[in-house]
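Let's walk through a structure together, with a few questions along the way.

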Amino acid sequence: MGRHRVKTDYEEVRKAQILENQARLASVGLSKTIAELRNITGKPQTEKKKHNKIDYFSTPLRRSKRLKGGNDSKVEKSSAEETNKPKRPTTAFFIFMEEFRKQYKEKHPNNKSVAAVGKAAGEKWKSFSDAEKAPYQAKVEEMMAEYQNKMQAYNINKKQQAAADVSALPRALSLIARLAGLGLQKTIAELRTITSKPQSEKKKYNKVDYFSTPLRRSNRLKGNTPPELDLRRSGRLNEKSCYSAPPAKRKLGLFEGGDVEDDTEKRPANAPLLRVKDGLIPHLTPEALSRRCTSKERGTIYDPIFGICCHFCRQKKLCGEEDCKRCGDLDTDQPCLGKTDCSICHSTNGVLCRGCLKVRYGEELEEVRANKGWVCPHCTEEKGINPYWICNSSLCLKKRKMAPTGIAIFRAREMGYKSVAHLLMDQLQQAVKGR
């Protein structure tokens, strides 16, 4: 069988030990506890200082003499005197120190400690005898004699300056008296304040009482019916001829007044009406004539008046056809041979240049010119001749909510199509069949 442990009460044992220790301390004369002893031997606790907030707005601001307008001439004068005052000569040890520093540097070139040099110089100076210190003392005496001579001259000069200032005072007073006799007692500062511009008073802001004034209301809220006004409308809305000269061209002074065509017959789109004043017909320069026929595709010369805009590329250029009298001789009664014209609508939708007609629709201009019944893509679709033969210009494709094709002729020819219009026609037919 194992041993049985006796249960002990440790708290009672600890209290008994504390009482025993207190009795021993009382017998020795140390009845005070450790905490009381610490309070006696410790430093007295200082009370915390209360922070008194300073009201800076109630006290005057500290300003320099410059801001106060004071005179600092005395300070400047004393600093100038101190700079001119001769300096007292140094001691014999420092004269020896200058020579010793050079010698120590030659012996110890790698030394960078200033304290080591000073310590070595002090030890050597202490080891010197009076005879060895005599040369340095002699130099100090010479320098002291020179210093005393300079101080005597400095003091004499200082007295002379003070006497000159005293002698100048009566003269200044006499000048002030003369100015007072002439009625000029005011100082320069006072004169400046008189001659300066008067400060304009700030305008007072008068708050407007909007509630006291009647409210501004429109005629509709007041119930008043406004008089009927003649609305400005374009010639198209007023059922005027769309082949008259545009306002931008009339401003140039090239056209006669009145923009309504006398005859009711429509002109072809490649020969719009331009009524030019007599004697104001412009002529192309020889350089422009030589450059006009360099490119037959879309033309090379831009002309905002006589040029006809292509529906696809929207370039208002003179055509490059050699036999075109409209673009070569600027004869407005002749049609442009480099632009097409629809036999049905005779509108700008059927105006195409040679390059766009070939690339976008695969047709030659000579064949279209010979065919008097040529129909533009818009009329071809509207009349039901070919519902899939659509206009593939960016403007018309956007109206159909289709993305413009861009330069699609290379892709169309790689796929075996004659033009972009043939490619789109095939895609539309496939989309309809797929439904």
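**Salt bridges in the model**

E321, R354, E366 and R369 form a network of salt bridges, each one a side-chain nitrogen of Lys or Arg within 4 Å of a carboxyl oxygen of Asp or Glu. This is a predicted model, where local features need pLDDT of at least 70 and side-chain atom pairs count only at pLDDT 80 or more, while totals for chains, interfaces and linings use all residues. Residues are numbered from 1 along each chain as its sequence is written, and side-chain values use heavy atoms, with hydrogens and water left out.

Q: How many salt bridges does a search of the whole structure find?
A: The search covers the whole structure, and the pair E20 and R24 is a salt bridge too, at 3.0 Å, N to O. The total found is nine.

Q: Is R354, which meets E321 in a salt bridge, buried or exposed?
A: The side chains of R354 and E321 meet at 2.7 Å, N to O. The pair links distant parts of the chain, 33 residues apart, with E321 in the loop between β3 (316–318) and α12 (325–328) and R354 in helix α13 (residues 354–361). Buried means under 20% relative accessible area, exposed over 50%, and partly exposed in between (1.4 Å probe, protein chains only). R354 has 11% relative accessibility, so R354 counts as buried.

Q: Which helix holds both E146 and K150?
A: The side chains of E146 and K150 meet in a salt bridge of 3.7 Å, N to O. They lie four residues apart, about one turn of the helix, and that helix (residues 130–181) is α7.

Technical notes: Helix = DSSP H or I, 4+ residues; strand = E, 2+ residues; numbered from the N terminus.
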